[in-house]
Structures are given as structure tokens and as C-alpha cells.
Amino acid sequence: MQATQAAAAIMKEYSTRTFSISNKEGINNLVTEVDHKSEEIIFEIIRKNYPDHYILSEESGEIIQDSNFKWIIDPIDGTVNYANHIPICCVSIGIEVSGKMEMGAVYNPFLNELFFAQRGYGATLNDQKIHVSKTPHLIKSCLVTGFPYTYLDNPNGPLEVFGKLIRKGIPVRRLGSAAMDLCWVAAGRFDGFYEHKLSAWDSAAGFLIVEEAGGKVTDMKGDLYNPYQPGIIATNGIIHDELLAVVKGGEV
Ligand code: IPD
Ligand code: CA
Ligand code: CA
């Protein structure tokens, strides 16, 4: 997808230069000059080719248009990683048509990995078909999660679930980019991902990529996933109910 690749090229170009970094709400919720530049080039491409499409983008909010097409954009997912020169970050773009996610593209220019899915056509990594893992049990799984910038001190919140899993010896990684987490589940590198508080732009592309790679994605109640609510569980499908039970408060 042209817009994803153009924005990722900007990320790569600026990574070797000095760029400005500022804070959003919360003490370490960052935005860099490059987030804005990435967004600008994506907007330019959409305006040129699809001037009447609706846009929802992390740094600019909503550009409301009377259209069935909605672009959901994270110009850099993993900004804290990007700002620290950790090469786990990406551009993520999902396209919703009449309220249904139809296309997703996620590109990490440092690993040169482009994940793509179109509803009904499967998921690819650099044009090669990908599939979720076949790991049969939660206890044998390798998982990934993320934590919000502003910690949720809820009963059964992120640290409680994390604690239950690691106390049983289950590896749970924390990469710092929800879009990457989802794509790595799709590629079978992880067996499952859960996170308590995401925004639509974090997961719009990645959740479709997991589904098209044969995985299962739900909210934290186990209902049909939609990216406009906070919680997500995305797995190879086989371990889904086991992980869901733990997220809901059960034991491993
Ligand atoms: C963040 C990343 C991170 C997740 C945070 C997100 P950003 O997005 O996806 O993995 O834990 O909740 O906000 O701020 O780097 O675009
Ligand atoms: Ca994000
Ligand atoms: Ca972002």
C-alpha cells in the first residue's frame, strides 16, 4: 500500500537525524516531529487519490466526510521505541468500508516487513502468505502484551493478568507496538496478544491481519471485536478461550 510505504520511508529517513520530541497527556506519552511528517504524507496521498474519504488519524483526529470509506491511521505505532531508536515500530493503516474493516497494512521499515490483508484474501508478509501458530495450549504459549501510558489500577488489570501468566512460567513479551504485536501473532511468532486499553488506530489494521491469517480476535468479554472499544485478545484461535478465561479473572 503506497501510503504505508511512503510514511515508513519518512520514518527511516528521519531516524538518523535529530528530530523534536514532545509530550502528550501522561508523562511518557510521546509524539515526535516524525509522527506529524508521516501523517502529512499519508494525508497527501489520500487527498490526491480519494479526496472525499473519511480519515481518523491519531495526531490529527477526525476529518469527517460523508463517505463509506474510512482510513484509520497510526502514523507511527511504537513512538517511544522510535524516539529511543528501538527498531520495533511501524506505520499502520486500516480501511473500513461501510463500518467493516476491509484492508490493513502495517510496515516496519527497519525490519523491512510489510504485513497486508484484504478481507477474504488472507494475510501476507512481504507478499508471502502467513498463518497463525498451531500451539495447542496456553501453558505452552509465547504471548505478548502492552501496558497503557496511564496505568489502569483496576481489579484484574494489566499487571494482575501479566502476573498470573508469568507465575506459571508462560513467557509474556512486551514490545511497545500493538500493531507489531498483532502482526507477529498473524505470522505465528506469538501465539496470543492481549491488551486492556488501545485506540482504534493501534489495532485497525492488525486485527484484520490476524483474522485473515486464520486467528481469532475478540474483545475482553469474548464478543466480536471492534476497534472502537479498548480491550483486545488476539490469538491463534486454539488457545483463545484459555487466555480469555485468564483475562476475565480465572487462573491459568
Ligand atoms: C502505543 C503502542 C503500545 C501500546 C500503547 C499504544 P503509540 O501506541 O501501540 O504498544 O501499549 O497503548 O498507545 O503511542 O506508540 O502510537
Ligand atoms: Ca499506536
Ligand atoms: Ca502513534
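**Close-up 1. The salt bridge between E113 and R189.** In this predicted model, the side chains of E113 and R189 meet in a salt bridge, with 2.7 Å from N to O; the term stands for a side-chain nitrogen of Lys or Arg within 4 Å of a carboxyl oxygen of Asp or Glu. Side chains of opposite charge can pair when their charged atoms come close. Between domain 1 and domain 2 the count is one salt bridge, while the structure as a whole holds six.

Close-up 2. The domain assignment, which is automatic or comes from a database, gives domain 1 as 2-129 and domain 2 as 138-247. To the contact, meaning heavy atoms within 4.5 Å, domain 1 brings 39 residues and domain 2 brings 25 residues. The two domains bury about 2400 Å² between them, 67% of it on carbon and sulfur atoms, where buried area is the accessible area (1.4 Å probe) that two parts lose on being put together, summed over both. In domain 1, the residues that lose the most area to domain 2 are I88, M101 and F115, together 21% of what that side buries.

**Close-up 3. The aromatic pair of Y50 and W71.** A search of the whole structure finds six aromatic pairs, counted when ring centres of Phe, Tyr or Trp (its six-membered ring) lie within 6.5 Å, with planes under 30 degrees apart called stacked, over 60 edge-to-face and the rest tilted. Y50 and W71 form a tilted pair, 5.7 Å centre to centre with 40° between the planes. Y50 lies in the loop between α2 (33-49) and β3, and W71 in strand β5, 21 residues apart; helices (H or I, at least four residues) and strands (E, at least two) are DSSP runs, numbered from the N terminus.

**Close-up 4. The salt bridge between E59 and K24.** The closest N and O atoms of E59 and K24 are 3.1 Å apart. Because E59 lies in the loop between β3 and β4 (61-63) and K24 in the loop between β1 (21-23) and β2 (30-32), the pair ties together parts that are 35 residues apart in sequence.

**Notes to all views.** Residues are numbered from 1 along each chain as its sequence is written, and chains are lettered from A and ligands numbered from 1 in the order in which they are written. Local features need pLDDT of at least 70, side-chain atom pairs count only at pLDDT 80 or more, and totals for chains, interfaces and linings use all residues, while side-chain values use heavy atoms, with hydrogens and water left out.
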